[in-house]
Structures are given as structure tokens and as C-alpha cells.
Amino acid sequence: MASRIEDYGMIGDCYTAALVSKEGSIDWLCLPSFDSGACFAALLGTPEHGRWLIAPACEVTSIQRRYREGTLILETTFETDAGSVTLVDCMTPGTGTSDLLRLVVGRRGQVPMKMELAIRFDYGSIVPWVRRTDDGLSAIAGPDTVRLRTPADLVGENFKTTSEFTVSAGQKIPFDLCWYASFRDQPQPLVVEQAIAETEEWWLAWSGKCTFSGKSKDAVVRSLITLKALTYAPTGAIVAAPTTSLPELIGGVRNWDYRFCWVRDASLTLHSLVVAGYLEEAREWREWLIRAAAGKPSELNILYGLRGERRLTELELPWLPGYEGSAPVRIGNAAYSQLQLDVYGEIIDTFYLSREAGLVAGKDASPGIGPALLEHLETAWEEPDDGIWEVRGPRRHFTHSKMMAWVAMDRGVKAVERGWVDGPLEKWRMIRDKIHDEVCRKGFDTALNSFVQFYGGKHIDASLLMMAIVGFLPPNDPRIRGTVEAIEKELLSADGFVNRYTIDEKVDGMPHGEGAFLPCTLWLADNYAFQGRHAEARDIFDRVLAIRNDLGLLSEEYDPVDRRLLGNFPQAFSHVGLINTAYNLEINSTSDPSSPTAPASHIKPK
């Protein structure tokens, strides 16, 4: 059975990423890209669905692991009665090849080791043809070839490759696994120790650019490294997570493919990069968004592929039993065809923040995209939609969606006022004010003293916390305070984590069952900070920091009862929220509670 989600670490090369368990097993890896078929899929099945294990062959008394500071190089140290050994794992960004490096380093004594390699292409469904080579093996099936180079003796048995060896103090045994297209020549071999050293230099140079200097800098840097690792280097896209179908509730059916890019995350992601000093990454993310959104405004997707693909057909893989039996396992995501009006606000807000941050326009920039989206939204905002949470129930007039339509018009108005774009200023002002008035009339329930999930409903939704963050109303407006109080009452668990919304199958079209949503929990901390409730904001932030795994990684959700991470892992949006909340805590830490600093998305970066 796969390990608990929090027991995994991630390594990656800005093309794809692997999950490595505490026990030294790589249970998930898609090659050569995040969205490729997995060659190791034991995470969603059994070892027979593909994995790569390197571990002591004797009883392990303790395991310690860490990332080398400022890098994504993972070190796992096993203590045994026979001695101590460290397993160094990394992938190689910037080399142009898909190499996964593992180095076994003897620390003390003589430790017997074992290796088991089961390569299964296409999500564990294809056993490749394996042949021995002078320095390892080659495995081929259809378009895929995986090459393993190592001085360790290899034995093939039962469609697996195994090895047994002993490592002594000071001894180092390298393994280099490389993917390449079967119709291409194999890449040149790497010198593993040298490649690891160069990888360390690459990551240190990148993480050293961070300009954040607040109290939580270590957590922020780790989150930034995670975001960088989830970036697809050729396009600048940032995947929501490197995995698919890790469940939102163990044994449940809310198992989705997150190896795509959500427009919903756009403006908050850009802000997190800008405030930390990563303007080049922010610019590349914006340029990806421009290319993805280009086209007919009415055909805008809510999520896209790594290269801007729009058709992300959803399939189920019946041969995989799912993580801890959580079926079905899905690839692709049918939500791509949904209508979510909030994405127009996200895109326009991202363009506005980019200009405010002084990001240089790229080769694909077109000043006409924003006005074209706004022209479409002039009437489209009045339609019902599927909402931010991609519910699979009927379309409704979701309050958050309408509020984000207001964001689009508001930023459009401000962009015209500042001379950045041309547009019908008075018309957009009128529509902006009309949306604001309607949301305040139809989206606010006076009996509940709170904004509600959709017009005429009684359900509370944590996405309403975004109202203060995007500046729809001031943080201390009585209606915002009432909404925060309602969320505290209805959605805040006894353990201090926020659920997304009131579960109702008639609304979301799915059976009950998911954990607390970590980005929403951090949005509550942001609201507290904006309202001058500094101690409460810090308490929530520290609570989220405390549930990160030992490597500083977060998933999308958390089960406060079983105390375990849930959902796809690691989750970009959770780490984006962590960075932004850390920033908000710093800039609001000394402000007057009666006049807190403006929300993050309105702050020009230092």
C-alpha cells in the first residue's frame, strides 16, 4: 500500500516531478512531462503498477530526511544496527534531459541494501521490454524508453529488476534513470555526483533571489521552491499539483486530475511571485495566461493544459484501485468545459497587477485581449455559471462569480483611467457599479447578516472571504465582518481549519466528503490581518505551518480528525496562499487596527 500523503517528498526538474516516500520508494513519476503517462504509479495502486525502491535490506531503526537548504535535493538517512546510509534524490533542471538521480552514500558501518525497479508505462498498464546493457538496462514500450545506468549488479525476475549490495562508510553508489523517446538516440550519461552538485548550484542561485525577509522566510522560500518545481519550464505554466486522483476523503470519489493550470489561481499566484521578487517567473506565468486565453472571449476555459491545450478529456483508469482504495482514478478533467465567470476577473486582475508591478510585455502581449474579454463580460456577467468550486450540479448565480465580474470591470476602469488601455470608461463604470449594487442586494442575506453562496440561497461559502482580498468592500465593512462571523460559525472546524462551503448534493452534484480546504483557511487569516486581528491571523497561519509535512509541503486539504493531508500533493494553491498570507502578516503586523493596510492584491510590491 502507498504511504500516507504527508510521508512523500517531491523532487523535480521543472518539466515533471516524482514523489519519494520516507522508505525510499518513488511511487509516482510521469515522464517526460507532468501530464505524461506515469511510469511509476504505485501511489494509486500497488508496487506492480510501477515503483523504484532503494532502501536498507535490514531492519531500520530510524529515518531522517531533509531538503538541502535552498534546493529540491532530498536526503533520506536510514539508521540501522549495521550502520547508517543516506539516499540522495534529485532531478536535473536546466539540462534538457529527463534524468532522475539517486546516490547511495555510506555514513557509518556496512549496510546491506536492496533495490527494486518495476517500470510500468501508461499509468501502470504496460510492461516494457527490458534488456541488459553494459552499464545497466534499457526498457522500451511504444514511444517510451527508460535507461538505467549504475555500477550495481542487476537481476531481472518476475518482470522487475532487483539488486542487492552493501555500502560501507565513505562509499557512494550512483543510479541514473533517464527517459527519452524510443525513436531518438539515447542521451549521453551523466556523472551523477557532478550533476547533483550542479543541480544544487542551480537551486541555490534561484532561491537566493528571494526578497522576502519576514519572520516566516524559511517557510516562504520552501513554498517558492515548490512553486518553481511545479512550473513547466517551456511555457511558464504552473500546474496545480503533479498528481492525479489523490482523494479529498479517503475512500471517496472526489478524485481529480490536477496536472493542469487553473485560471482561478492566476492573480494570487502572480502576486505571490511578485512580492517575493520573482518578476521573471511572474512575467512567464502572465505570458502563458495571455496565450491560453487568446481567442474568442466566450470560449474561455477555466483550466488549460501545460501548453495552453483546451480539450482535457476526462477518463477513468479501471486497472488502478486508487489511493487507499479511493476510486475512480481519473486522468483529464471534465471541468474544462464549465462556465465560470470568475475567470474573467482573475485574468483582468492579473493583467492589471502585472502592469502595476512593472512587468515588461512579452512577444505575445496584445493590448486588445483585456478589452475584448471585458466587452464580452458586459452582458455575460448576468448569466448563471458553475462557480469557483466546479460543482457538478445546476448552474446558479454564484455570489463569488458576480463579485469577480466586478473585479474585471473595476480593473478595466482603473486601467483606462491610468492610460494603460483604451476603453468605454463611462460604460464600464456603469456596469461596475451595477454589478456591485446587485451583489450587495441579492448576494447578502440580512437575516444571516452575511453574503451567501448564491442569490436566494442560505448556504455559506468560504470563497466570499475573497471580497476583502480583492477590494470589493473594505475589510471592516459590517457586511464583511458579518460574513467572516458566519464562516467562523458554519465552516470553521473545532480544530481551526476552514471548509469550502456548506455541503449540499443539490448544489454541487457530488456525495458528501472532503477535508478542510487550506487556501480558504489562509484567506481567513488574511481577513483577520486586514481587520487588525493580528494575533488571530498569526494563530491560523502558525496552525497551517504546523500541519506541513517534515519537508514543508502542503496538499490541498487536511483532515483534522485523522490528522492527515488530503488531496493532490503538493498543491500549488496552498503554497501560494502561504506566501501571500506571510506577506500580509508582515505588512499588517504594526498597522493600526482601525485602519489596516489594504488587501494584498491592491498593494504595489516593494
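Trainee: Which residue in β7 is the bridge partner of Gln-64?
Mentor: That would be Thr-77. Keep in mind that this is a predicted model.

Trainee: Thanks! How many bridges link β6 and β7?
Mentor: Seven, and strand β6 (residues 60-67) pairs with β7 in the antiparallel sense. Together β6 and β7 make a hairpin with six residues between the strands, where Gly-70 takes a positive phi near 75°.

Trainee: And which residue in β8 is the bridge partner of Glu-75?
Mentor: Val-88 is the partner of Glu-75 there. Strand β8 (residues 83-91) and β7 are antiparallel and share seven bridges. Those two form a hairpin as well, with two residues between them.

Trainee: Why is β7 said to be largely enclosed by the rest of the structure?
Mentor: Because five of the seven residues of β7 (residues 74-80) are buried.

Trainee: Switching to helices: what should α9 span, going by its residues?
Mentor: It has 18 residues (425-442), so at 1.5 Å a residue it should span 26 Å. The C-alpha atoms at its ends are 26 Å apart, which agrees.

Trainee: Which residues in α9 are buried?
Mentor: Among them are Trp-428, Ile-431, Arg-432 and Ile-435.

Trainee: What do the buried residues of α9 pack against?
Mentor: Their neighbours include the helices α7 (369-380), α8 (399-417) and α11 (478-490), plus strand β22 (444-445).

Trainee: Last one: in what order do the strands of the open sheet with β25 come?
Mentor: The order is β24-β25-β26, with antiparallel pairing. β24 (516-517) and β26 (564-566) are the edge strands, each pairing on one side only. In β25, Glu-557 is the bridge partner of Phe-517.

How values were computed
Residues numbered from 1 in each chain as written. Predicted model: local features only at pLDDT ≥ 70, side-chain atom pairs only at ≥ 80, totals over all residues. Heavy atoms only, no water. Helix = DSSP H or I, 4+ residues; strand = E, 2+ residues; numbered from the N terminus. Expected span 1.5 Å × (residues − 1). Buried < 20%, exposed > 50% of the residue type's maximum accessible area, 1.4 Å probe, protein only. Contact = heavy atoms within 4.5 Å. Pairing = 2+ DSSP bridges.
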